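Here are some notes to read alongside the model. Have the sequence and the 3D view open as you go.

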Amino acid sequence: MTVNRPVVLSFSGHDPSGGAGVQADIETLASHRCHAASVITALTEQDTRNVKKLLPQSPEAIISQANTLLDDLPVKAFKIGLIGHHETAAAIHAVLKQHPDIPVVLDPVLAAGGGAELSNDRLIATVIDLLLPCTTVLTPNSEEARKLAGLPDLNDCGLALLEKGCDYVLITGSHEDTPSVGNQLFHDRRRWETYTWDRLPFSYHGSGCTLAASIAALIAHGLEPLQAVIEAQEYTWNSLNTAYLPGQGQHIPNRFFWMDDE
């Protein structure tokens, strides 16, 4: 029997530890029964604790590989993760503008889970100017939202990011000092909904990648963004709740948690 799996194209960095980046995207997309295609934006030297080196790939190679894939595969959604350099952001934009009907889920990775900075002012400005107007769903954590919007209040951040061109903005709240985690969704010039989740006990490597890739997968399957956001949060929380510790740093989401019950 032939199984038709929707294709999601991920622009993401390579994480040798296997916890985040393109590996996280591929695991998440496979868990959602999607076919994962990928364009590597940057090589990294990292482990489950932090990123030590960031090696952006050439913009020409990124554009060429993406065009090669898009000429062959019927891509249903784009997922963007680690960008790492303003020229990389411009290269991704060059691809997106040729395919304006394909939904875009952008996880604006501006720092590693261990704290290493993965962006600068020029990259942030390029993301704002070129990528946010192309974005269907933006998924910053609270720290990334403040950096992108330049504002302290998260409600103001969400509204400002909508004004910059995003259709939906989901600001995750795990970095906030609150008893539970509140993820705030913004849409149609207002705060649309706040989703509350039990706070889990550990720090996780690749949680943002998992959430954004899950949203992209569900959109690729035909869900509307609002429903995709709801279901992706549940999937991500379950993957974190069953996370495992392979090294000496952060826990890794168990993106195939549902297989444990089979």
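The points below cover a group of strands and some backbone angles.

1. A word on the basis: this is a predicted model, where local features need pLDDT of at least 70, side-chain atom pairs count only at pLDDT 80 or more, and totals for chains, interfaces and linings use all residues. Residues are numbered from 1 along each chain as its sequence is written, and side-chain values use heavy atoms, with hydrogens and water left out.

2. Six of its seven residues are buried, so strand 8 is largely enclosed by the rest of the structure. Buried here means under 20% relative accessible area, exposed over 50%, and partly exposed in between, with a 1.4 Å probe and protein chains only.

3. Now look at its neighbours. Strand 7 (residues 168–171) runs antiparallel to strand 8, joined by four bridges; tyrosine 168 has histidine 187 as its bridge partner. Strand 9 (residues 190–197) also pairs with strand 8 in the antiparallel sense, over seven bridges, and phenylalanine 186 is partnered with arginine 191. Two strands count as paired if DSSP finds at least two bridges between them.

4. Strands 8 and 9 form a hairpin with two residues between them, and aspartate 188 in the turn has a positive phi of about 55 degrees. Arginine 189, in the loop between these strands, has a positive phi of about 65 degrees. With 67% relative accessibility, arginine 189 counts as exposed.

5. Which loop holds arginine 33? Arginine 33 lies between helix 1 (21–31) and strand 2 (35–46). Its phi is positive, about 60 degrees, although it is not a glycine. Arginine 33 is partly exposed, at 47% relative accessibility.
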